Each structure stands twice: as structure tokens, then as C-alpha cells.
Amino acid sequence: MNRSAAKNLIERYFWQLTDGCGNDDCDNEFCASCRHFQPLDRNAAAVRALELCKINAKLCDLKTSQTGSDIQPPGLEEDFSDVHYLTENTVCTILSVCEEEGDYSALIRVIGRIFSNANALIKSFRKDEINSSEPRDGASEHPGASLDVTVDIDSVRRVYERLQTIEQAESALLTALVYLTPNMDLDLEYLEAYEANPDYLNIFVILMENGNLHSPEYLELALPQLCKTMSKLPVAALTRLCKLWSGYELPHIRRMMETFQQLITYTVVSREYSGEHLVNEDDTVVAACKCLKLVFYANVLGGNVDTEHNDDDDDDDGGAADSDELSLHELLGEERLYKKGPQIDLLEKELGVRPIDSRKPLIPFEDFVNESLNDVVEMDKDFTFFKVDAETKFSFQTCPFVLNVFTKNQGLYYDNRIRMYSERRLTALYGAAQGQQPSPYLKLKVRRDHIIDDALVRLEMISMENPSDLKKQLFVEFEGEQGVDEGGVSKEFFQLVLEEIFNPDIGMFTYDDDTELFWFNSSSLENEAQYTLVGIVLGLAIYNNCILDVHFPMVVYRKLMGKRGTFCDLPDSHPGLYQSLKELLDYNGDVEADMALTFQISHADLFGSPVLHDLKEKAEDIPVSKENRQEFVDLYTDYILNTSVERQFRAFKKGFLMVTSESPMKYLFRPEEVELLICGSRKLDFEALEKTVEYDGGYTKDTQIIKDFWGTLHSFGEEQKRLFLQFTTGTDRAPVGGLGKLKMIIVKNGSDTERLPTSHTCFNALLLPEYCSKEKLRERLLKAITYAKGFGML
């Protein structure tokens, strides 16, 4: 049976189920005219019609006339059989006739015919050629908007607005979509419909304007197939959709975002997933994520975007150039697992925009995260798909915007551990070949009172001789101390290094009392190796899953990810300067006469003496005026955030990339998320920690000492709580995901005693004696967290 005949047959079954054949004596159980027939709503009738067609069920003869494939319901003389596509005027005309007759059957039939036919939809709701040059919503003057889509978006929206007040029309739209999408799927997969006619995109533009796509009926019957069909569009078509949607107003973009999000959530919560049935293999969830990706990039394009001010340097790879190591991976057949970067995102490439380019999206990025999906993604398997089976398996890391920071951090953790394992294997192979026994770890032996010198010398040697050793798991030993590094010693090492480096007396960084943030000292006398060490430390912290107490403005993380600082970064990093420059830009008086500024600026050096700097040639002779003040602001900002600290920051970034250059971090995380990876969160929710902590040695959550412990801890002030966290875990910050994600254990350490509580920071374990009273518990605990430091034996 050809497509036209099948369509005609399904329509006949549908009308038979909804309107009947008109014979009062009908005995067909599949006909609405039969006295024993149980009435069906439009959605159920559409599904039932498809089933009856498959089994070739009995079909009544209609008493009403037929014209071609159009079946006319009884009660209306005008059948509009000559309508082959829709315009707003046509719909209004049909509505007027239907309202006058009190019968919407003709409208329902026309909607069903047009919205179930791809060719008819392509021709529908075309722009008026005379007015096509006027900007509209969807074809606006926004630089990201596409002007080559021939659909009149405003007209489509007005039509939907009228149709959605008519219940029968809404059912007809749903039924038509159920029939349309499988045919479109075939058109795109086998007939290359878009390549043959780029206006095929009009169908998706029209369908996505339906404001009821997120309703339960669509979520179950029609939207999944629509998403699967849309995801099969070629990249050129997807690019056009993104550009078109980027010109939409915020409510329309948010509606589409929520539509795809609801489909993902609805599907995830209504199904069960396991190791044998992963959510990655759920076609509906995968297709919805791919469609949500279009809205995500439209959201980026439609907001405040900075595609300029890039500071990527191909030569600045942190010494991670190809070496014999890579060829060995190839010999082992592992080159795909250890390849440097993720696969190229073709959509991102065609659009010429990245998430890092977004200054302020239309919709906050957090709204694109789907927590229900994050709960069921198995990141160990997803990581394998991402790194090894990308051509045959779907990984949610190709749509990182839908994942929260904690889930993405799991993916980064697996990537880091695989690389550590790789370095161990390579070390073993090299050692076997050369008859040596090199260490499989990155070992640092440092003296507590010479920690910077020892760390600097050792790491500098490694970075010059064999930078790949930085990819090994870190193992720190303090000279003269017997702590075995299972993570806790490394945590203290990082903290002590940072305390030393950020000491104002050294002068590597300046500190702003108002913002409580550090910035690179442009007048620093320290050599570049010191800044490289800081970068290495930050990279090693991420690589070894340690949290650091670092206080940088967000522009530092943006610069680490390849962007240059701009005026938009000043409020965070240099708020005083930002306010002054903003007042200059907003000044309505005579700038040149009233402010007497030139393109020569002054700043203080290391010793507080003023230093002059020319922002351009002959700067002292060029006054700042109303006409050139924007140039002055841009040059001033570029000097403060980029040029003046170029030497220091380049060394800092070099050290950071020595460790992270091959990591997917830059692809998966936004700057604010990178800060969270390095610094953790200062938001401490001890209620969440109490719910997830584990007990051992005889303690349970109902033990009296445990109840006293939590009561005591909750009564502590903010500073005391941070001291407790530092004492127990080695850092006073919450990990990615909050304290609820911290795996902490409280162990019984004997009965009542005068001994203090102790801890194993490497295991986040608190060893708590069973004190005889709450008062003694408080006194002993406060003393322990206040005076604890070092790994010496008591």
C-alpha cells in the first residue's frame, strides 16, 4: 500500500471512530454510529485508527460525499477540499464559516489534512513577500538571527492562539502530528528531504510554535517522535534553526526549553534504567537532549556574546606536545582513549560560538540542567562512550549543559584516573625495557619550613625533563613526619604552598580588602617559575581531586579557558576602577574640558611609586573626549587585565596547562564551574552532611554521643564549623555538590577518656571517643579543631 492510500484509509477509520458512518442501524463495533460503541476522545481514536488499519478491520460506507482522499463529516456543505496549504486568512475564513454553522468539522478536517502532510506544511504560512524586509520576531535585526526562513512566525502564533481555544482543533493537531512525524523521519533518513528543499525546515518552525507540545498527550504520543525526527536534520539545517530561534523573545525560547526539559524528565521518571538498560540507550531522552542543545545555543546567541577577545595560543600547550609516549599508546591500541581533546562539535563550529563566549545568556545556564537525568546517568559508562565509542554510542558529555557540576566532575575524575593509570603502565614498560624501577607516582618530598623552595625545584625539574610525570598520582611526604599520603598529606601540602605564595610580603599577588580577592602583581620581582608553580598547583589540585583555598576573581578562570579580560570583568576584579570608567562613559558633560584626561595613565609599582603608561602612541598629547572615551576605556581595561600582567599570567597558565592540557575540562566546564572544582563551595550545609555521614565501631545515628555531637556542631559559629571541616577533611570548603556529597565517617575511638578527638583527613574520618557528657565533648572537640596541625606522631 502506498503512502497516499494508507493515509486515506487511516483517515476513514478515524472519522468512523469519531463521527460514525451516519447509519442508525450500523452494527460495526468499530463505528461511532453503532449503538454499542464506546465513545473515544480524539487522541485515543487516532491511536485506534492506526491499529484498525494494521488489522484491516471492517470499514463502513459513509453516507456523506467524498472528494479524493478528503472525507467530509456530515453537517457542513462547504468542505474546503480545495485548500492545499494554510495561511492566516484561510484559517480565519474557515473559522468564520464553522462558527456561523456551529460545527467545526470542516476546520478539523482541514487541519488534519494539512498538518499531517509535509508538502502542505512547507507551503503554509509563508511570509508576505512585500513585507519580508521588515524585521519580525524570528527574523529580527539581532546579529544571530536568520533571515532566510520563509515562515511568517507571527502569523503562525496568532493561528495557534485561536486554534487552542477549540478542543477539537487541538486533538486534530495532535492526531496529525502522530501521523506526520514517521513520514518525515523517512523523508530525512532516506530521501534527503532537506537537501532537496531547504524549506523543509519550515515544518519544524511551524510545529515548534505549538504552545501545547509539553502537555501530557504530546509528551506521550507525539513529541518523542518529533524530537527523533528533528535530531536527524543535517547540521546546516540545525544551524539555521539555532540562528532563527536566537532572534526570538525570551518567553518563546523558554517555552521551547521547558518543552524539551519536560520530555526528558517525563521519560526518565517513568522508566527504569540499569547496567543493562542505560539512559544513554533511551532514544527519546537522547533525541530530546539533542533538541535541547539547539535551544541552548540559541540562548547563547540571543544573549550578550563576546566571540572576540580570545587569547588561545597554540604554542602555549604547557609542554604537552606529542612525544614517544603517544606512539606507545598507539602501539598498545589505546590512542583513542588518551586522545587530547573531545570530538569537534559540528554545530558549535558552524555557529561560530562557544559557551565560554557567553557573557549573559537569555536564560541562566542552570535552567538547562536536568536533575532527574543526572540521577540516572552512570558516568563511568558515559565516560567510555565519550572517549572510545563516540561514533556508535551517545554520551551526555556531548551535551554538558544538561549535566550538573557534580556529574561532570565524576566524568573528569574518571578521565584523570585513567590518565594516572596510563602513566603507571608507561612507567612500568619503560622501566622493564631499561632495567630500572622508576616511581609510578609523582613524589614530592618537602621540608615544612622550606616548602616553596623544595616544591619549586622538584616541579621545575619535572616540567623540564619529563612533564608527563605531572599526570601521575601525587604523593607528598613531609620530611621528618610519618604521615602516609592517602590524600590528606597532599591536601595540607597544597594549603601550605598557597599560604606561602599568597603571602603579601612576597609580592607575587596584590590583595584587595574590599573584594577579598588576589590579583597578579604587575610589578612583582619574582621570576616566572614561581607563577608556573602556582599554575601547576592549581592543575594538580583538580587532577588529584583536592580543594584549595584560593581567592581569584572570575576573570582568571575565563583567561585560563582562553578568553581575554574585558570591561565586563572589572566589577568583579577591580570594582573601584570599574566605577570610575563607567562614570566616564555615562558622563553627559564636556568630557575633555571637565575631566582633563589623556591616553597616558598612572599606576603604582611594587614600592607604591607612580608609573606612567601610554595606552597608545603619543598618549600624553591625546585628550579623552566624548568621541574617543570608549576606546580609552577598552585600552585601559586591556592594559590592567591583560597587557600589564601578561608575563606573570602566561607563566601561570603554562603551569596550569602542564597538568590539564589533555583534560576535557575546558570542554565540559564553564569558568564559574572551574572555580568550584578548584576552590569548592563556601556554602556549608551541615544538615545535609548529617544525613549522609556514616558510622562505625558501634556508633549509630541514635547513639547519645552522636546526638550530642550533632547538637554541638550545629551550635558552632561559622568559623568554628570551618575549623571542624578543616580538621576532619583537610579543607574548610565543601566539595562539588555540597557537603551532602562528602563521604565522611565517624568512628568510635574507645570509651570516656581525656584524649582529644583525632581524624584521618585522607579518609574524611573522625575518631570520636564516647565522652561521658555533652559539655566534655564540646570542650575536647573545640580544643582538637583549634590546635590541630601536622602529621607528627603523638
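A: The axes of helix 32 (residues 704-715) and helix 34 (residues 774-787) approach to within 10 Å and cross at roughly 55 degrees. Helix 32 is therefore oblique to helix 34. On the side of helix 32, the contact is formed by Ile705, Asp708, Phe709, Gly711, Thr712 and Ser715, and on the side of helix 34 by Lys774, Leu777, Arg778 and Leu781. Sorted by class, this contact of helix 32 with helix 34 comprises four nonpolar, three polar and three charged residues. The crossing of helix 32 and helix 34 is right-handed.

The terms used here are as follows. Helices (H or I, at least four residues) and strands (E, at least two) are DSSP runs, numbered from the N terminus. Axes are lines fitted to C-alpha atoms, for helices over the stretch in contact, and angles run from 0 to 180 degrees between N-to-C directions. Angles under 35 degrees count as roughly parallel, over 145 as roughly antiparallel, 65 to 115 as roughly perpendicular and the rest as oblique. A crossing is left-handed if the near helix is turned anticlockwise from the far one by less than a right angle, and right-handed if clockwise. Contact means heavy atoms within 4.5 Å. Ala, Val, Leu, Ile, Met, Phe, Trp, Tyr, Cys and Pro count as nonpolar, Asp, Glu, Lys and Arg as charged, and the others, Gly among them, as polar.

This is a predicted model, in which local features need pLDDT of at least 70 and side-chain atom pairs count only at pLDDT 80 or more, while totals for chains, interfaces and linings use all residues. Residues are numbered from 1 along each chain as its sequence is written, and side-chain values use heavy atoms, with hydrogens and water left out. The mean pLDDT (the predictor's confidence in each residue, from 0 to 100) is 84 for the protein, and 86% of its residues reach 70 or more.

Helix 2 (residues 42-55) packs on helix 7 (residues 167-190) at an angle of about 30 degrees, their axes being 9 Å apart. That makes helix 2 roughly parallel to helix 7, and their crossing is right-handed. Here Arg42, Asn43, Ala46 and Leu50 of helix 2 meet Ser171, Leu174, Thr175 and Val178 of helix 7.

For helix 11 (residues 223-230) and helix 13, the axes come within 11 Å and cross at roughly 115 degrees. Leu223, Pro224, Cys227 and Met230 of helix 11 make the contact with Thr259, Phe260 and Leu263 of helix 13. Its residues divide into six nonpolar, one polar and no charged.

Arginine 254 also forms a salt bridge with aspartate 367 (3.2 Å, N to O), the term denoting a side-chain nitrogen of Lys or Arg within 4 Å of a carboxyl oxygen of Asp or Glu. Because arginine 254 lies in helix 13 (residues 250-270) and aspartate 367 in the loop between strand 4 (358-360) and helix 17 (371-376), the pair ties together parts 113 residues apart in sequence.
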